[in-house]
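Biologist: I'm new to this one, so let me ask how you know the things you say about it. Can you put it up for us?

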Amino acid sequence: MNAHVNTDSTSRVGALIRAHRLRIGLTQRELADLSTISVRAIRDLEQGKARRPRPDTVRLMADALRLGPRARAALEAAAQQGRAGGQGWGRPPAPPTALHAMSGRDAETAVLERELSVGGERLVNVVGLGGVGKTRVALEVAERLHASGVPVLWHAFPGASADYLGCGEPEPAARVAATVADLYGSPPADPAYDGAGPAGTTATGAWALGEAPGGGLFELLGEQRVLLVLDGAPAVAPRFDRLTALLRACPGLRVLVTSEQPWEVPGERIFLLSPLEVPAEGAATDAAAAAPAVRVFLDHVRRVRPEFTAAPADLARAARLCRRLDGHPGALAAAASWLVVCDLDTLCHSLDADPVALLDHLGGGAGADRFRAALHRRTDGLSAGARELLDALCAGEAQDAEGEFGLTDVAALTGRGLPESGRMLRELLLSGTVRAAYESGGSRFRVLGLVRAAALRTPQRA
C-alpha cells in the first residue's frame, strides 16, 4: 500500500518523492545513486526547500523509483504545478529608482526593450566607455519591462555606478547574489555532492539543474518571465557551462548586463552604447538646442545653477562644448559642475586648452575621477595591434578633413588585410575610444576627441 501523503500543493512534489522512496525502502543516498541526482537535491526536495524540479529531474526520479503510469503522471503534475508560477515575493520585484530623468536614448531603450520582451535575445550585454550611461539605460529598460508586469531582479557588482535609490527586496537579492557568485565560482563544496547528473550534462550537472548551491534562483523563478540585470559586470565572463545551465533551467529568464567590454561568449548580444549625438558644426540654434548631448548638458547646468537661461550665445557655446567632449554623458556632467566657479565662456576656453584637465567632477569625492580612470583603463587594455592603430589615428593619420576614416583607410595605414583590420577596428569600437559616424551615409569612424587629447598628454610607449 502506498505511503500516505498529507501536504499542501506547494510541497507535494517533495512529499511524493519521499513517500515513493520509503515505499520501496531506499535511502536518499541510494536514490541519488540510481537517479544520478545529488543527495542535496533530493534532501531539498523532500524538505520543501526546493519545489520546482526540472522535467529532466522528475523523469530521472520517476525512473529510479520505478513508478507506474499513474504515479508518474501525479509526480509530473505536482512538479508542473510548482513551476507554474513564481513565489518568493508578494509582488513582482522592481528595479532601483533612477535619480535623474533620461534624455537622448529613446532609440536605444526601445531596441533593448523589444529584444528582451518580444525578441528572442536571452543575454544582452550593453558595453561602452565608463560614464557613457549604461546603467541609466538599463534602469530605463528595466522600468519599462516592469511596468508591463515583468519582475526585475537587480545585482550590482562592486564598483558599479550607484546613481539610483534602492536595489531590490532583500530575499530575492540574496538568492541572486548567491547565484552570481556560483556563476563565477568553482563547483559546490558539498561532501554529498558528486557532480553526477543526467546524461549530456557537465561535471556540474546537478548545479545545472538549479538544485545545488546557487540553484536558489531557479527555485525562485521556475519558468516564469523575469529580467535579471547584472550592473557593472567585470570583463571576465562567468563560467559558460553554468551560465548556459541557468538559462536552460529558467526558460523565461532574460539577462541584461552592463560592462565596459563584452564577455565574448556564444549567444551574447553585444549592444554598443555610444556617446550622445552632438550638433553639427554651424548648426542652427534650434537644431543645437534639440541635440541630445546639448539637452543633457543644459540639464546638468540647471542643477548647478537653477537660474540659468540659455541665450542663443549660450546655446552656441554649449554646442561647441558638447562637440569637444564628444557628447559623453559623464564628461558633460563633470564639465557642468565647474560652472559653480566659472561661466560658460570661460569653461569653453578651458576645455579648448586642455579638456582632460576638467574631466573630474568639481565636487570631488568617491568616483570623481571615474571617467578619467576608465579612459586610461580602456586604452591600456587594448591589444598591441589595436593600440598601435589608435596611436596612429590620434596622430592624425589616415583621416580626412573631417577627422573621419573607413576600414579601407585602416587597411592602407596598417598594411594588413581587411579581415585583420576589421578586427582591430571592432576592438576600438567596443572599447569606446572610436565611434561610428553615419552622417555621410557610409561606414565612417572617428576617434573621440577626449581620447586624442589624452593620448597627446601620455608619453609614447617604447
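Biologist: Let's begin with a backbone angle. Which residue just after helix 2 takes a positive phi?

Modeller: That's Thr36, with a phi of about 65°. Keep in mind that this is a predicted model.

Biologist: Why is Thr36 called partly exposed?

Modeller: Its relative accessible area is 27%. Buried would need under 20%, and exposed over 50%. Thr36, at 27%, is therefore partly exposed.

Biologist: And Arg66, why does it count as exposed?

Modeller: Arg66 has 60% relative accessibility, and the cut-off for exposed is over 50%, so Arg66 counts as exposed. Arg66 has a positive phi too, about 55°, although it is not a glycine. Its place is the loop between helix 4 and helix 5.

Biologist: Back to helix 2. Which of its residues are buried?

Modeller: Leu31, Ala32 and Ser35.

Biologist: How do you know that they are on the same side of helix 2?

Modeller: They cover an arc of only 105° around the axis, which puts them on the same side. An α-helix has 3.6 residues a turn, so residues three or four places apart point the same way. As for neighbours, the buried residues of helix 2 pack against helix 1, helix 3 and helix 4.

Biologist: What makes strand 8 and strand 9 a pair?

Modeller: Two strands pair if there are at least two bridges between them. Strand 8 and strand 9 have 4 bridges, in the antiparallel sense, so they pass. In that pairing, Val434 stands opposite Val447 in strand 9.

Biologist: What makes you say that the side chains of strand 9 alternate?

Modeller: Phe445 and Val447 point to one face and are buried.

Biologist: How do you know where empty space is left?

Modeller: Rolling a probe the size of a water molecule over the atoms shows that.

Methods:
Residues are numbered from 1 along each chain as its sequence is written. This is a predicted model: local features need pLDDT of at least 70, side-chain atom pairs count only at pLDDT 80 or more; totals for chains, interfaces and linings use all residues. Side-chain values use heavy atoms; hydrogens and water are left out. Buried means under 20% relative accessible area, exposed over 50%, partly exposed in between (1.4 Å probe, protein chains only). Helices (H or I, at least four residues) and strands (E, at least two) are DSSP runs, numbered from the N terminus. The arc is that of the directions from the helix axis to the C-beta atoms. Contact means heavy atoms within 4.5 Å.
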